[in-house]
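Here is a short note for a colleague who is new to this entry. Please look over the model first, then read the points in order.

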Amino acid sequence: MSTENKIKMNLQCPMPKFDFDIITMGHGSGGLLTHKFLQSGVFDILKNDLLDQQHDGAIFELHGKTAFSTDSYVISPIFFPGGNIGDLAINGTVNDISMCGAEPKYLSLGFIIEEGFTMKEFWEVLVSIKNAADKANIKIVTGDTKVVEKGKGDKIFINTSGIGVIHPNANIHHKNIEEGDVVIVSGNIANHGIAIMSLRQGIEFETTIQSDTANLNHTVIKLIEQYGNGIKFLRDPTRGGIASVLNEVAELTQLSFYLEQNLIPVNESVEGACEMLGLDPMYVANEGLFLAVVKKEIANDFLATLRADKNGINAAVIGAVTTTHPGKVIMKSRIGGKRVVNYLTGEQLPRIC
Amino acid sequence: MKFLTEYRDPELVTAYLDEIHHITTKPWTLMEICGGQTHSLVKNGILDMLPANITMVHGPGCPVCVTSVSVIDEAIYLSLQPNVILCSFGDMLRVPGSKKSLLEAKAEGADIRILYSPLEAVQLARQNPDKEIVFFAVGFETTAPANALSVVHADQLGVTNYSILASHVLVPPAMEAILSDDENKIDGFLAAGHVCTIMGIDEYYPIAEKYQCPMVVTGFEPVDLLQGILMAVTQLEKGEYKVENQYARSVQREGNKMAQETIQKVFAISDRVWRGIGNIPQSGYEVNDRYKAFNARVKFDIDIPFAEENKECISGEIMKGLKKPRQCPNFGIKCKPEHPLGAPMVSSEGACAAYYHYAGASEVAV
């Protein structure tokens with residue numbers, strides 16, 4: 001993370017004075033230390049009417065069909081260009097709910113902190129959580145903090161679960177997908193994974209590759225409002241990248257996806273990094289991206305609306321649904337040959353030469 | 001991306017394909033040596049675009065695939081020693097040894113790190129003076145200079161807790177082993193561009209002459225491969241057997257002298273067992289006596305029984321070009337990337353993995 005960002009954040013939300021610099025086992029004990037820690041830090045910054053009840057759970061009313069989702073965040077390193085584990089944990093769950101066609105409302109927030117984690121870093125994560133929650137317009141209404149012994153965690157793990165109300169126009173289900181539907185991706189692929197990988201490997205490129213972590217709920221809801229059941233399917237291709245999502249859907253529907261490699265948007269530095277590291281961008285993680293399968297009739301308008309949104313500037317049609325290879329994803333290579341895009345086996349491992 | 005996009009130009013590809021179709025009159029079997037070339041052929045769908053009477057068979061140029069089970073077992077043994085950090089290129093981790101893979105050893109608690117360069121391992125040794133750092137030095141002539149350099153660096157810096165487990169293999173002896181096989185059916189070779197970048201091309205002249213076999217040093221992008229195929233087929237159609245260099249933007253006849261000197265400084269040529277193929281005399285590098293303090297086999301008393309290859313895996317026949325992955329009865333059934341019988345199914349450059357992941361898009365059997 002750049003110094004500039006750090007400074008900006010600290011100015012926005014100055015860290016309160018704590019009488020401790022590092023988090024210890026006592027801060028997760030449930031006793032006085034936990035109380036002080038939560039009162040002076042967490043509750044203040046995340047403040048809202050539901051959280052302020054300080055009950056064991058949040059009590060609220062929801063109207064209509066609901067979507068519910070959970071995810072755990074164990075990323076290393078926790079700070080990376082474009083974000084940190086805090087905004088990632090909020091955006092990830094917000095996006096999962098959005099992909100169901102729902103407007104995310106309330107989130108829970110669980111921390112598992114490794115003993116020795118500094119308050120300074122914790123504060124930075126917390127500020128990002130707050131900013132991400134504000135941006136997505138969701139409330140964090142309940143939470144939990146545990147501390148584990150040094151060596152039994154990796155600085156900080158976060159779990160978020162969230163609940164949202166399905167938009168009345170939404171009808172998102174893979175069963176709706178038919179031959180002739182169009183596949184659209186909302187932006188450049190593989191940015192997040194490569195940002196993390198280059199940091200882990202200590203590889204520097206001419207321009208810093210930023211993670212694409214972002215909340216997609218406003219973008220998606222706007223599209224659902226406008227295009228309703230013309231949108232058949234939505235999914236954010238996080239781990240495993242766009243190839244994994246499309247394989248899952250091809251298998252479930254026994255339809256096939258026919259993609260064209262030269263239509264798939266990839267940032268040039270990201271593509272260069274993938275070449276160097278021996279990775280295929282189709283399998284690299286994204287955190288602020290979604291795939292949409294839409295009716296052919298609305299595809300052009302949908303794309304135009306999406307491109308006018310800040311989360312969809314680089315959106316593109318990348319292929320179509322066919323019946324030629326049931327259960328498979330086929331890609332026309334840049335030079336005109338065809339190949340299968342298969343599931344990824346385990347982790348993508350860098351190659352020898 | 002300069003030097004990449006030009007070599008993926010669809011118009012050039014079509015032009016080369018047209019020319020190959022135009023000149024091919026007889027059936028020819030070509031072997032591309034390097035696994036990187038195999039993957040590029042399959043991933044770009046080139047195999048389907050070639051004339052039906054040109055058969056591409058896939059050579060042994062996948063360092064992961066040819067590393068013997070015993071060497072993998074040695075690496076696993078070392079990784080499980082207390083106080084040892086074993087560093088490896090990522091590719092090696094999933095390859096099955098006789099009982100398990102390095103990835104499974106890692107899950108059991110072995111400290112195994114994936115690195116991109118052996119020089120990072122020397123750095124790691126300096127940062128952890130109380131640990132023994134072993135680098136699993138596999139690869140062809142391409143990775144040998146950097147691995148040798150790591151030993152030279154460690155020696156110069158006085159780093160004593162660093163050693164390498166060398167399992168280097170050499171291309172020309174393997175080509176000879178393939179050509180002298182009774183069942184050999186290869187008419188021409190696409191030699192591996194990166195290996196020749198280091199070693200130059202002089203070693204290939206006597207082989208081309210002895211076996212009357214054209215050899216075209218070829219790159220890895222679609223246009224490179226098609227140009228290489230065109231050059232090889234042109235020779236075959238004319239009855240010639242020359243050494244030609246398609247990859248001239250990277251390969252010079254004498255190779256990279258400085259890299260060769262570094263290799264010679266640290267390594268000596270030795271016999272090497274190739275997985276699936278067996279022992280090939282004078283086909284590998286081992287750390288020489290001058291640097292034996294950095295040889296993990298000398299430093300550690302590696303006490304493990306000799307391991308047999310998995311007899312169900314036909315990787316030897318595949319790497320000699322005698323069979324195609326789909327001709328293996330276990331392909332995609334008993335042998336899959338998630339539970340491989342042999343290395344070609346797991347390595348990112350393995351022929352079986354290439355077919356498993358990418359092939360099957362066309363109705364043409366490849």
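1. How many bridges join strand E8 of chain B to E9(B), and do they run parallel or antiparallel? Three bridges link the two, and the strands run parallel. E8 covers residues 215–218 of chain B. Within this pair, B:Val216 sits opposite B:Glu244 of E9(B). Keep in mind that this is a predicted model.

2. Now the sheet around that pair. E8 and E9 belong to an open sheet of five strands in chain B, ordered E2-E1-E7-E8-E9. The pairing is parallel. Strand E2 (54–61) and strand E9 (243–245) of chain B form the edges, and each pairs on one side only. From one strand to the next, the twist averages 25 degrees. As background, strands of a sheet pair through backbone hydrogen bonds.

3. Next, a helix on the sheet. Helix H12 of chain B spans residues 222–238. H12 lies across E1 (28–34), E2, E7 (188–192), E8 and E9 of chain B. Relative to E8(B), helix H12 runs at about 170 degrees.

4. The chain as a whole. Chain B holds 16 helices and eleven strands. Its C-alpha atoms fill a box of roughly 65 × 45 × 40 Å along the principal axes. The radius of gyration is 21 Å, which agrees with the value near 21 Å for a compact globule of 366 residues.

5. Packing and contacts. Buried residues account for 58% of the 366 residues in chain B. Of the chain B contacts between residues at least 6 apart in sequence, 78% join residues at least 24 apart.

Key: Residues are numbered from 1 along each chain as its sequence is written. Chains are lettered from A and ligands numbered from 1 in the order in which they are written. This is a predicted model: local features need pLDDT of at least 70, side-chain atom pairs count only at pLDDT 80 or more; totals for chains, interfaces and linings use all residues. Helices (H or I, at least four residues) and strands (E, at least two) are DSSP runs, numbered from the N terminus. The radius of gyration is taken over C-alpha atoms; the globule rule is 2.2 Å times the number of residues to the power 0.38. A residue is buried if 20 or more other C-beta atoms lie within 10 Å of its own, exposed if 12 or fewer, and partly exposed in between; C-beta atoms are placed from the backbone. Two residues are in contact if their C-beta atoms, placed from the backbone, lie within 7 Å. Two strands pair if DSSP finds at least two bridges between them. Axes are lines fitted to C-alpha atoms, for helices over the stretch in contact, and angles run from 0 to 180 degrees between N-to-C directions.
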